Amino acid sequence: QVRLVESGGGLVQAGHSLRLSCTASGRTFSNYAMAWFRQAPGKERAILIRIGRSGGISYYQDSVKGRFTISRDNAKNTVYLQMNSLKPEDTAVYYCAADTRLPDGQYDYWGQGTQVTVSS
């Protein structure tokens, strides 16, 4: 079992930055990949970015390339999403997810979500 707790969401003006955190407990954090998803109003949840066990990063949405990045601190059991140059269209609930099983991409554990609202 893995428990994920997110923090760092809030209201921010367009052009500003925000950093989300997701702290895991349970299984050994360094043994699995992590990802960030988001769900905008009226849309389906979609994957944004993933970081592998060894730190390799994969982007899944062109709209966040160059603005968002993911990192992990295995000593703190925490994954981060650094969001820069935020836009109103980034408004969504953001979720972290753990990918602990094979094959990759099952995302079997989820955080509770944190709201990010970007005002124009």
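**Reading a predicted all-strand model**

Modeller: Of the 120 residues in the protein chain, 45% are buried. This model is predicted, so local features need pLDDT of at least 70 and side-chain atom pairs count only at pLDDT 80 or more, while totals for chains, interfaces and linings use all residues. Residues are numbered from 1 along each chain as its sequence is written, and side-chain values use heavy atoms, with hydrogens and water left out.

Biologist: Let's take one residue, then. Why is C22 called buried?

Modeller: Buried means under 20% relative accessible area, exposed means over 50%, and partly exposed is in between, using a 1.4 Å probe and protein chains only. C22 has a relative accessible area of 0%, so C22 counts as buried.

Biologist: Where does C22 sit, and what makes that stretch a strand?

Modeller: C22 belongs to strand β3, residues 18-26. Strands are DSSP runs of E with at least two residues, helices are runs of H or I with at least four, and both are numbered from the N terminus. The protein chain has 0 helices and 11 strands.

Biologist: Which residues does C22 touch, apart from its neighbours within four places in sequence?

Modeller: Contact means heavy atoms within 4.5 Å. On that rule the partners of C22 are L4, V5, E6, M34, W36, N77, T78, V79 and C96. L4 is 18 residues from C22 along the chain, and their C-alpha atoms are separated by 6.3 Å.

Biologist: C96 is in that list. How do you know that C22 and C96 form a disulfide?

Modeller: The definition asks for a pair of cysteine sulfur atoms within 2.5 Å. In C22 and C96 the S to S distance is 2.0 Å, so the pair qualifies. The whole structure has 1 disulfide. Its link is right-handed, with 60° about the S-S bond.

Biologist: What makes two strands a pair?

Modeller: DSSP has to find at least two bridges between them. Strand β2 (residues 10-13) and β11 are joined by 4 bridges and run parallel, so they pass. β9 and β11 are joined by 3 bridges and run antiparallel, so they pass too. In β11, T117 is the bridge partner of L11, and V116 is the bridge partner of A92.

Biologist: Which side chains of β11 are buried?

Modeller: Along strand β11 (residues 114-119) the side chains alternate.

Biologist: What makes a group of residues a nonpolar core?

Modeller: A nonpolar core is a set of buried Ala, Val, Leu, Ile, Met, Phe, Trp, Tyr and Cys residues joined through side-chain atoms within 4.5 Å. The largest one here has 29 residues, and L4, M34, W36, L81, M83 and Y94 have the most contacts inside it. Elements giving two or more residues to this core include β1 (2-7), β3, β9 and β11. A second, separate core has 6 residues, among them A35, F37, I47 and A97.

Biologist: Now the backbone. Why is S85 called partly exposed?

Modeller: S85 has 40% relative accessibility, so it counts as partly exposed. S85 lies in the loop between β8 and β9, and has a positive phi of about 50° although it is not a glycine.

Biologist: Is Y107 buried or exposed?

Modeller: Y107 is buried, with a relative accessible area of 10%. Y107 is in the loop between β9 and β10 (109-110), and its phi is also positive, near 45°.

Biologist: What makes such values worth a remark?

Modeller: Most residues other than glycine have a negative phi, and most peptide bonds are trans. A cis peptide bond joins L102 and P103, with omega about 0°. P103 lies in the loop between β9 and β10.
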